[in-house]
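Visitor: I'd like to learn how to read a protein model one feature at a time. Could you walk me through this one?

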Amino acid sequence: MAKSFLKDIYSGDTNDSRELYASWATTYDDEVQKNGYVTPKRIANALKDVVTDQSDFILDYGCGTGLSGYALQSVGFENIDGLDVSKEMVMLAEEKSIYKNLKVFDPSTEIPIHSNQYKIITAIGVIGAGAAPLQVFDSLFSLLPQNGLFAFSFNDHTLNDPNYEQKVDNCLSSGHAIMLHKSYGDHLPKAELKSNIYILRKL
Ligand SMILES: C[S@@+](CC[C@H](N)C(=O)[O-])C[C@H]1O[C@@H](n2cnc3c(N)ncnc32)[C@H](O)[C@@H]1O
């Protein structure tokens, strides 16, 4: 039987989770799908409701094996690029032929896109416990153009740390963004985990 990673992933280091995802890559899809992973579908549906042109390029940041890209493509988004820090996860995303461009980068370097390159950035299951650190929120937000959309999720483990929601609240109260969507719902229902999903529009 394959090793279960869901049990220990959330106590992992958000500064560099590459080793963990290198080991998990080949069984990731199977394990999360068996647990009913639904946050990508929830974000894809919510994004579809607020986007007027589904041919706009989306950066699926932390694309992993491509489950998030698949959900976006399934609701009609046509142009999706993927970026991640794990070459093992991205190799599997490549096989799904969802992304127009796929790139792996080293998280100790700058995110390799330029400002305003994407009107829409997603970080689905990426920021927080078990993956990327909170600073990634600021980095991605700063790369969006005015009116750009940022769609992301925080799972229950991440929400247990008040700094994450505080970051979103500060972004709104300082007038840098407005919230187009926020809802709490299933994340990995068979593992009894939920998540908040958010869509912010940059002002
Ligand atoms: C739980 S997986 C989610 C993957 C995909 N978005 C999905 O919904 O299936 C988290 C992903 O975040 C990536 N990741 C971790 N730290 C990162 C960072 N600092 N920058 C970008 N991606 C990161 C991991 O390599 C992994 O592929």
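**Reading the model together**

Guide: Gladly! Keep in mind that this is a predicted model. Let's start with a loop: Lys119 sits in the one between strand S3 (102-104) and strand S4 (120-123).

Visitor: Which residues does Lys119 touch, not counting those up to four places away in sequence?

Guide: Its contacts are Asp56, Phe57, Leu144, Pro145, Gly148 and Leu149.

Visitor: Now a strand. How should I read the faces of strand S1?

Guide: Begin with the general idea: side chains in a regular strand alternate between the two faces of the sheet. In S1 (residues 58-61), Ile58 and Asp60 are on one side, while Leu59 and Tyr61 are on the other. These four residues are all buried, and both faces of S1 are covered.

Visitor: Which residue in S2 is the bridge partner of Asp60?

Guide: That is Gly82. S1 and strand S2 (residues 80-84) run parallel and are joined by four bridges. Together with helix H4 (residues 67-74), S1 and S2 make a right-handed β-α-β unit. S1 also runs parallel to S4, with three bridges between them; here Leu59 of S1 has Ile121 as its bridge partner in S4.

Visitor: On to the ligand. Which residues around the ligand come nearest?

Guide: Of the 21 residues around it, the nearest are Tyr28, Tyr37, Tyr61, Gly62 and Asp84. A ligand nitrogen lies 2.7 Å from a backbone N or O atom of Gly62, and a ligand nitrogen is 2.8 Å from a polar backbone atom of Ile124. Asp84 uses its side chain: one of its N or O atoms is 2.6 Å from a ligand oxygen.

Visitor: How much of the ligand does the protein bury?

Guide: The ligand taken alone exposes 590 Å², and the protein buries 96% of that. Helix H2 (18-34) and H4 are the elements that give two or more residues to the shell around the ligand.

Notes:
Residues numbered from 1 in each chain as written. Predicted model: local features only at pLDDT ≥ 70, side-chain atom pairs only at ≥ 80, totals over all residues. Heavy atoms only, no water. Contact = heavy atoms within 4.5 Å. Buried < 20%, exposed > 50% of the residue type's maximum accessible area, 1.4 Å probe, protein only. Pairing = 2+ DSSP bridges. Right-handed = clockwise from strand over helix to strand, strands pointing away. Near = heavy atom within 4 Å. Polar contact = N/O pair within 3.5 Å; in protein donor to acceptor, adjacent residues only side chain to side chain. Areas by Shrake-Rupley, 256 points an atom, 1.4 Å probe, with all protein chains shown as cover.
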